[in-house]
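Please look through the structure shown below before reading the notes that follow.

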There are 2 protein chains.
Amino acid sequence: MPRTTQTDVAVLAVLSTGPLSGYAVREIIRDDLGLFWSESFGQIYPSLARLQKEGLVETVPGERRGSSLFRLTGAGRERIVELLREPVTTVPPRNGLLLRLAFGNLLGARACAELVSEARTKATAQLEELERIRRQVEAEPDEPQRAYALMTISAGEHAARAAVAWADETLAALESL
Amino acid sequence: MPRTTQTDVAVLAVLSTGPLSGYAVREIIRDDLGLFWSESFGQIYPSLARLQKEGLVETVPGERRGSSLFRLTGAGRERIVELLREPVTTVPPRNGLLLRLAFGNLLGARACAELVSEARTKATAQLEELERIRRQVEAEPDEPQRAYALMTISAGEHAARAAVAWADETLAALESL
DNA sequence: CGACCCATGTAATACGTTACATGATTTC
DNA sequence: GAAATCATGTAACGTATTACATGGGTCG
């Protein structure tokens, strides 16, 4: 696990697009960043409280009576750039499929083939989903944002296509065992 | 995070190849499974103690005076197959590079290109490393084990090649921004 | 005989999810 | 006015890393 929580980075980054409720922050993370990022409520709310105490976000009255939105302060706007500049921390790998395959002799070729086949199905489904999202994003106006969104989509597409190719190759290998 | 610790699965699986010290278990996980799995000492030793209490592993005297090795019991041998049969749990995604790219307008095209370039370098290095390991494994006798090891290596190769292709495409896109 | 590796373990701390508790607002 | 959604937060629990503490064996 990373030394410093990345939650603050994600929350600040999302808030850089405009004032939002904690609930809305979570929705954006889930719906727009969900393919490569995730946060739970249990992380987001404490993070917002922390960031407010540090003066990086402030609350402004929302549309709903009594509701308030979180907005980046000037300090917050500086901080998020600082944070994004910090080196990318990677989580230690934990690939359950490859662990099972590495000990495939315990599981048997048949069961392994099922697992790989499942992975292939998931990858093709993801590929379709990504193509759908791509069309949607490409329909948006050509703001600088769009180009960056397309890069993250493309990363998913490359990974998914690689997964499918690997699965096909691996299924063939398992067949001839 | 997964509901039940996957550490026990990995430890039992490694011990299925023969009796080992806790230290040796960690070495195998790091050196042989490191490309897709990781465990720290702080997980391995408590796991071994737990597994021993459950009667899934037992200790046998090792070669060194006073040292003892952990060995799977019959129950342990059954259990590991059960555990491997359980559905693969996936960790929620946390891709720091894609998070930065998604908010690339905050970071700027130049800094983004540096990050992507770094990722490309890492991927090519990994590709070379994997080819080295592949040659090494291919030199081993053709036991059933070998075929499974090659599948995990191939997964890494596909992923690394995809990463390189994506990086090239993305660098070009950033150039024309 | 000093450095390094083998070996075991614990404590402090951090990270993260899930479930629970609560209530307002909107929509049908 | 019932159901769904918006909204906020906490508590319990589980998972995992890192640093620390300790000592035996090996090799130069």
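## Two helices side by side in chain B

In this predicted model, helix 7 of chain B and helix 8 of chain B run roughly antiparallel to each other, because their axes cross at roughly 155° and angles over 145 degrees count as roughly antiparallel. Helix 7 of chain B spans residues 109-139 and helix 8 of chain B spans residues 144-175, and their axes come within 8 Å.

The crossing of helix 7 of chain B with helix 8 of chain B is left-handed, and the residues of this contact comprise 19 nonpolar, 5 polar and 8 charged ones.

## Domains and a helix pair in chain A

Chain A is divided into two parts, domain 1 covering 7-85 and domain 2 covering 96-175. The centres of domain 1 of chain A and domain 2 of chain A, taken over C-alpha atoms, are separated by 30 Å.

Helix 1 of chain A (residues 7-15) packs against helix 2 of chain A (residues 22-32) at an angle of about 100°, with 10 Å between their axes, which makes these two helices of chain A roughly perpendicular. On the side of helix 1 of chain A, A:Val11, A:Val14 and A:Leu15 meet A:Val25, A:Ile28 and A:Ile29 of helix 2 of chain A, and the residues of this contact divide into 6 nonpolar, no polar and no charged.

## How the two chains are related

Chain A is superposed on chain B by a rotation of 180° with 0.0 Å of shift along its axis, at an RMSD of 0.0 Å. This is the relation of a two-fold axis. Of the interface residues of chain A, 100% are also interface residues in chain B, so the copies meet through the same surface.

How values were computed
Residues numbered from 1 in each chain as written. Chains lettered and ligands numbered in written order. Predicted model: local features only at pLDDT ≥ 70, side-chain atom pairs only at ≥ 80, totals over all residues. Heavy atoms only, no water. Least-squares fit on C-alpha atoms with pLDDT ≥ 70 in both. Contact = heavy atoms within 4.5 Å. Axes fitted to C-alpha atoms, helices over the stretch in contact; angles between N-to-C directions. Helix = DSSP H or I, 4+ residues; strand = E, 2+ residues; numbered from the N terminus. Parallel < 35°, antiparallel > 145°, perpendicular 65-115°, else oblique. Left-handed = near helix turned anticlockwise from the far one by under 90°. Nonpolar A, V, L, I, M, F, W, Y, C, P; charged D, E, K, R; others polar. Domains from an automatic or database assignment.
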